[in-house]
Amino acid sequence: MKTIEELKYSKDHEWVKTEGNLAYIGITDYAQHALGDIVYVELPDVGSRLGKDEVFGVVESVKAASDVYLPLSGTVVQVNEAISDDPALLNQDAFANWMVQIEMENPAELEELMNAAVYVEICNE
Amino acid sequence: MGALKRTVLYDNHVGAGAKMVDFGGWEMPVNYAGGMIEEHLYTRKKVGIFDISHMGRFAVSGRDAKEFLQYVLTNDVLALDLLKAQYTFLSNESGGAIDDAYLYRFHDEEYLLVVNASNLEKDWTHLNREIKKFDAQIVDWSEELAMIAVQGPESQTVISRLMGSTTLTEPVKNALGILHFEGNEVLISRTGYTGEPLGYELMVKATDAAKIWEGLIALGAMAIGLGARDTLRLEAGLPLYGHELGLDIDGEEIPIFSCPMAKFAVKFVEAKGDYIGKKALEKQYEGLKRIIRPIVLIDKGVARAGYKVFKGDKEVGYVTSGTMIPYLKREEEGPESKMSEEKIMRAIGLALLDSNIGLAEEVEVEIRGNRAKAVVMSHHKFESESRRK
């Protein structure tokens, strides 16, 4: 499985990349592989305020619909329309295609996320 | 729970990088490396092969074989000619499906019944209980025979080349033939579960299965997993036991006649006489409250099995099967047209709906608390290169 060193990871298979007070969030390569062909993505409204571990969207593969959880609390600043138009982008490169950009409410929550090495370990369990 | 069962092609699946899942107690490939969408489209454009050895294969013979089959199946066995197959149901007394099945007549005095893997044991127990009333025998051939479906426009070509036989079956649906592969019998039927105009199913000696499987792949066939098998059958509007047959979401029995295909597979001809479920089925034939209909979403979203369907404020049914799958557009109409590479995603499904909901009528599917518009279809249109042959 592919991971990227600089990113942070959640147990629900989301990745986080921060830029100042902003965070980009997507699903991991492990998650896209487990889901299989992704055919539909539902993203939140810009401006919505969501708590940590709240459902912020849905990723649907041919076989099933899966909720995606926000690993940090915050307000949605931008959503990536490109993946709504072409959900297969998540299969092609899950790390290059973020889902939402949020303004973090509590950056201390970042401490609870994993680094790549720990994330790989929990995936292999 | 015991260990999962494996078909004789297990090593071939794993070797090809398949993702293996538990399906009705069997460890089966859900998809291979290319994914379900590629597998789905390849079957429509070229040819897909499916390991269906997990299904049950029972041979029925003996003096009263016909009478026994007439009694436990809903179709008319007397109308089944030699070298023909028919779709049929195992009905219970209340007109619900114990299973749906295919009955094959490769030999004059012997019938072969193919049943769903997930119902195999239940069917076997039921049939063995009923056969006691008849002078007939039933034998489980599921292990001796493996089964491979070969579906799509190039199916005939790859089988012909592998078997070295230009004639496979009579050129009509449900026709059967007997071929040979390296001296061993291969039973072939022009049947399938993909809706492909051209497609076959092979029953082969279990020991020949791997060689035939790899031979077909070498000739250009793609291995297809259960995921695409499901999307192909859904696109073709074919029922799946546990979704369109069996019990509904409230645990109530779905009447066999809810499935549009029942009218081809349930017969009331006098020659058939009485059989299990006949009275209930005759009543269903007069009219049902709910029937299975294809639907397609107009709004964004994906309709999934179990989602409720509304007409205005009234709940009018639920989705029995649903997914989103691409189909290929034809570049232009006419004899020279080809299937394009352009994929169009569409969310399709089958739904058990109140029978007063008509064709082309708009309904709404509740998806995570929101309503998405959908329309009731007579069938899902899809393109296959087979239609040009």
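Helix 7 of chain B is mostly covered, with 9 of its 10 residues buried (buried means under 20% relative accessible area, exposed over 50%, and partly exposed in between, with a 1.4 Å probe and protein chains only). The structure is a predicted model, in which local features need pLDDT of at least 70, side-chain atom pairs count only at pLDDT 80 or more, and totals for chains, interfaces and linings use all residues. Residues are numbered from 1 along each chain as its sequence is written, chains are lettered from A in the order in which they are written, and side-chain values use heavy atoms, with hydrogens and water left out.

Helices (H or I, at least four residues) and strands (E, at least two) are DSSP runs, numbered from the N terminus.

At the interface, 19 residues of chain B are in contact with 14 residues of chain A, contact being heavy atoms within 4.5 Å. The area buried between the two chains is about 1,300 Å², and carbon and sulfur atoms give 52% of this area; buried area is the accessible area (1.4 Å probe) that two parts lose on being put together, summed over both. Polar contacts across the interface of chain B and chain A amount to 13 residue pairs, both at pLDDT 80 or more (a pair of N or O atoms within 3.5 Å; within protein, one must be able to donate a hydrogen and the other to accept it, and residues adjacent in sequence count only if both atoms are side-chain atoms). The rule also finds 3 salt bridges across this interface, each defined by a side-chain nitrogen of Lys or Arg within 4 Å of a carboxyl oxygen of Asp or Glu. The side chains of Arg368(B) and Glu60(A) meet in a salt bridge at 3.0 Å, N to O. On the side of chain B that touches chain A, the elements giving two or more residues are helix 2 (36-45), helix 7 (226-235) and strand 16 (314-330).

Elsewhere in chain B, Ala206(B) lies in the loop between strand 12 (199-205) and helix 6 (209-218). Ala206(B) counts as buried because its relative accessible area is 16%. Residues up to four places away in sequence aside, Ala206(B) touches Val8(B), Glu143(B), Glu144(B), Leu145(B) and Ala146(B).
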